[in-house]
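The following note is meant for a colleague who meets this structure for the first time. Please read the numbered points beside the sequence and the model.

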Amino acid sequence: MHNPRQTLFFNLIVSAIAGALIGLLFGFAGWGAALAVFGWGLLQIRHFTRLDEWVHRGDDSQPPETTGPWGELFDQLARLQRRSSQREQDLLAAIQRFQQSSAALQDGLVIIDRHNNLEWWNRAADRLLGLKAASDRGKPVMNLLRDPRFIRYFRRGQYDEPLELQSPIDSDLRLQYQITKFGEGDRMLVVRDITRLVRLEQTRQDFVANASHELRTPLTVICGYLETFLDQELPRPLARALSQMQAQARRMESLVSDLLMLSRLDASNHIADEHPVNLHLMLTQIHRDAQALAQDKGHEITLEFDSELEMLGQELELHSAFSNLVFNAVRYTPEEGHIRLRWWVDPSGGHFSVSDDGIGIDPIHIPRLTERFYRVDESRSSASGGTGLGLAIVKHVLVRHGGKLSIDSTPGKGSTFSCHFPPELLISAGSQEQAAR
Ligand code: ADP
């Protein structure tokens with residue numbers, strides 16, 4: 001009989017019948033049955049008491065040994081106990097392995113709970129951020145990492161991009177913070193020491209800046225002499241050679257000046273000094289320059305200015321970015337093409353777009369267009385006088401203004417390059433004079 005309840009009930013009936021039969025021998029069948037049932041009840045109470053004592057002991061000892069349905073129950077409990085202690089050991093081993101491996105990590109790892117308090121961190125976080133195991137556990141993360149840029153990053157809740165800051169305990173250490181959400185409102189902060197990378201990057205930037213700067217003086221001298229020679233009466237082959245040299249020297253000059261511009265932009269991801277920029281004036285001038293450049297190609301270039309709101313920013317940088325886009329449109333649009341320049345404002349911010357009906361760009365090239373020296377067609381770009389740095393400059397200028405570049409193009413039909421700026425940079429035209437005052 002496998003059902004313990006049935007077995008117990010059967011035992012009870014058998015005990016009662018046996019008791020009644022024994023009682024019958026003495027002429028008290030009823031008393032015999034009652035005594036047997038009472039004895040059976042006492043036995044159950046004993047088993048129950050042993051089980052209760054074992055459960056309350058709460059240690060690893062084996063459950064009491066017995067036979068029958070209680071014995072089966074105790075055996076089952078023993079099996080469950082063995083299984084759960086095995087699982088506990090496996091879990092403990094897994095936690096220990098996780099703690100050992102995360103302690104060995106070079107990157108700092110910090111777990112922050114849903115109330116923004118520090119829950120756990122590894123040794124590297126200790127070393128990089130100066131967290132103290134005993135006193136800092138359970139404290140709000142923003143009490144320990146107080147840099148306003150970190151607080152803004154933490155509160156924003158959007159962690160697609162990492163944040164770079166100095167270490168709070170050692171200003172020579174440059175750290176990269178990246179937060180990832182998990183569970184229900186918990187966050188994991190990964191802190192990487194990028195001091196070496198930043199130094200290498202700085203060395204690279206310094207080298208490009210110094211090399212470009214050093215190239216500028218000899219180039220100016222060469223261009224100056226070439227101009228003087230070309231003013232003279234010269235035999236035709238020599239004049240042709242010199243004018244080609246002059247064109248190449250001018251190309252080198254624009255390359256050097258673009259490299260210098262890029263190394264200046266590289267220095268920081270934010271503009272240091274923002275001023276009200278008279279976009280109307282700037283775009284009108286760029287429009288005029290583009291018309292002069294496109295004179296031989298018969299382009300129709302239009303400028304639409306749909307908003308009186310203007311922008312805070314760095315005038316030289318914006319001029320360079322906008323003119324790069326406009327001059328590219330002139331270069332990559334065949335004769336009699338149309339180019340449309342447009343400035344407009346909507347709730348998402350200010351936008352400047354340059355559309356052309358030129359050669360267009362294959363979609364596979366678009367993600368790489370803003371890389372330095374990336375060209376769709378090497379021979380066409382060089383022939384058109386491009387340096388290969390124009391769109392890299394545009395991208396950097398936009399990043400420094402908190403903006404974005406979007407490119408929409410169809411081969412053979414044309415392209416639209418749009419610059420999008422955040423609404424906080426927009427100002428009303430009148431406030432320019434106020435700011436100036
Ligand atoms: P470049 O000096 O070679 O023009 P850019 O960085 O300005 O360098 O542009 C990168 C590449 O993007 C160019 O070589 C060209 O192939 C492509 N490009 C840029 N603007 C346009 C445009 N308006 N139409 C078609 N292709 C373009």
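1. The chain falls into four parts: domain 1 (4-96), domain 2 (105-193), domain 3 (197-266) and domain 4 (275-436), with bounds that come from an automatic or database domain assignment. Between the C-alpha centres of domain 2 and domain 4 there are 39 Å.

2. This is a predicted model, in which local features need pLDDT of at least 70, side-chain atom pairs count only at pLDDT 80 or more, and totals for chains, interfaces and linings use all residues. Residues are numbered from 1 along each chain as its sequence is written, and side-chain values use heavy atoms, with hydrogens and water left out.

3. Helix α2 (residues 29-57) contains 29 residues and spans 42 Å from its first C-alpha to its last, close to the expected 42 Å; the expected span is 1.5 Å times one less than the number of residues. Helices (H or I, at least four residues) and strands (E, at least two) are DSSP runs numbered from the N terminus. Just after α2, G58 has a positive phi of about 65°.

4. The buried residues of α2 include A33, W40, H47 and W54, where buried means under 20% relative accessible area (1.4 Å probe, protein chains only). Among the elements covering the buried residues of α2 are α1 (4-25) and α3 (68-104); contact means heavy atoms within 4.5 Å.

5. Five strands form an open sheet in the order β2-β1-β5-β4-β3, with antiparallel pairing; two strands pair if DSSP finds at least two bridges between them. Because β2 (118-121) and β3 (163-166) are at the edges with a single partner strand each, one side of each has no neighbour in the sheet. β3 is joined to β4 (residues 174-182) by four bridges, and L165 has L175 in β4 as its bridge partner.

6. V191 belongs to strand β5 (residues 186-193). Its relative accessibility is 0%, so V191 counts as buried. Beyond its neighbours within four places in sequence, V191 is in contact with residues including D107, L128, L175 and Y177. V191 and T220 are 29 residues apart along the chain, and their C-alpha atoms are separated by 47 Å.

7. How do helix α10 (residues 279-293) and helix α11 (residues 315-331) pack, at what angle and with what distance between their axes? The angle is about 35° and the axes are 10 Å apart; axes are lines fitted to C-alpha atoms over the stretch in contact, and angles run from 0 to 180 degrees between N-to-C directions. Among the residues making the contact are L283 and I286 of α10 and F322 and V326 of α11.

Technical notes: Buried < 20%, exposed > 50% of the residue type's maximum accessible area, 1.4 Å probe, protein only.
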